[in-house]
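Please report on the metal site and the aromatic contacts of this model. Keep it short.

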Amino acid sequence: MSILLPALKLELDKLYEDGSQEPLIHKCKEDTHEFKTQLKKLKAHLNKHIHEVEASTSTNNTNVEESKKRLRRRELVVEKLNKAHRQWDHSMKKNCKHTAQQHTRINKFLNHKMHEFDLDLVYVNKLPPESRANIDRAISFHISRYNVGNLPVNGRQEIIQYLNQVYGITEDISEKFVQMGQIVQDMKQGDTSSCVKWSRDGSLLQFELYALNAMQLFQHGDVLQTYEHLTENVPASAFKYRQLQVITQVSPLLTQLLLGQKIDDLEEKIQLQLNKCISLFTKEYCSQNKLPYDSALFLIILSGVISFQFFIKYQSIRASAHVDWTTEDELPFDVTLPEFLTHFHPIFICPVLKEETTLENPPYSLPCHHILSKKSLDRLSKNGTCTFKCPYCPVNASKAKTGRVNFVML
Ligand SMILES: [Zn+2]
């Protein structure tokens, strides 16, 4: 993967113009736009020309010099038109061809380079059926989490039905995201009222929405309405808890409004503010409804992509050193994942046996809250027949007074 990723990036980069963020195919749009502008200009010229000819024929004013000039002008217009068309045609063909070629190359790259490595040859333990069911669930969650706002249907029941018919997502998953998707969609369309209604009184979300509304009103140019909104619609808690935000966000807006000043890049600022509100809202919505904020599917795939290089390395070591997997649920090598991916799979090493706890050997907590694995507990208590001293503190414990430990992510 350490070789594959940069190579893939290199191929992808070729889809973009040199040193630009714009994909190559965008150039076609730009060129077409330019060509259209040219056409409009030439059309205006021709219209003018027609008018002149009509005017001169109606007055019977046949000035030879004038008509020669007009003829020359018309020829110039035609010449320009031909030239513009040739340029546009050339650039369209060139860019389309280039993009298509590059797509084919990436396809080939993905089909060959990526498939040279067969994961099934390395990881020989088959996934249990319940894992597949979990993956299906993660896919359903992912689609519901990100797609509700982009569906061709509206309305709660219609959305749930659509997700079920098209993607086979069951109602127990999709219904959780319907309201969230609808509110996000409303916001993207410039209507924040549903989100305002949803937001808690005194929350940061409520305040940011209030600021967003003010900016939107300001953009529409209604000074009086903006002023009213800024001074009268203030959430009661705004001035109490959010003085800093009022000073940095609201006051400047109010001042600029009163002075009749324009705000630089207002549109861009509104977009930023909107994104901020959407992200705040989705975070609050997910935590309130006990939904994961990040898509599990995305995190799984990301972890997989990052671990891939370790699999490749392991394969070559395995071939020469004749080592193999020892446990089914454990990788025989360490995978270093970024911080935000590491806290999903809490592991616990039993301090007595120095072994990781598993489903068969789960962790148990003693009355003193020290934790051991089931195997050590059985050993120390002689299968629950006697009391024993905690290996870490002087407290006495018996098997009856222990409890199974479940690690949860907080
Ligand atoms: Zn203890």
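The report covers the metal site, then the ring contacts.

This is a predicted model, where local features need pLDDT of at least 70, side-chain atom pairs count only at pLDDT 80 or more, and totals for chains, interfaces and linings use all residues. Residues are numbered from 1 along each chain as its sequence is written, and side-chain values use heavy atoms, with hydrogens and water left out.

**Zinc site.** Cys368 (SG), His370 (ND1), Cys390 (SG) and Cys393 (SG) coordinate the zinc ion at 2.0 to 2.3 Å. Donors are N, O and S atoms within 2.8 Å of the metal (3.2 Å for Na, K and Ca). The donor residues follow the spacing C-x1-H-x19-C-x2-C. Cys368 lies in the loop between strand 1 (363-365) and strand 2 (371-373), and Cys393 in the loop between strand 3 (388-389) and strand 4 (396-397), so the pair ties together parts 25 residues apart in sequence. Strands (E, at least two residues) and helices (H or I, at least four) are DSSP runs, numbered from the N terminus.

**Aromatic pairs.** Rings of Phe, Tyr and Trp (its six-membered ring) pair if their centres lie within 6.5 Å; planes under 30 degrees apart count as stacked, over 60 as edge-to-face and the rest as tilted. The count comes to 8 aromatic pairs.

Phe311 and Phe333 are both buried (under 20% relative accessible area; exposed is over 50%, partly exposed in between; 1.4 Å probe, protein chains only). Phe35 is buried too, at 13%, while Trp88 is partly exposed at 22%. Trp198, Phe281 and Tyr285 form one aromatic cluster.
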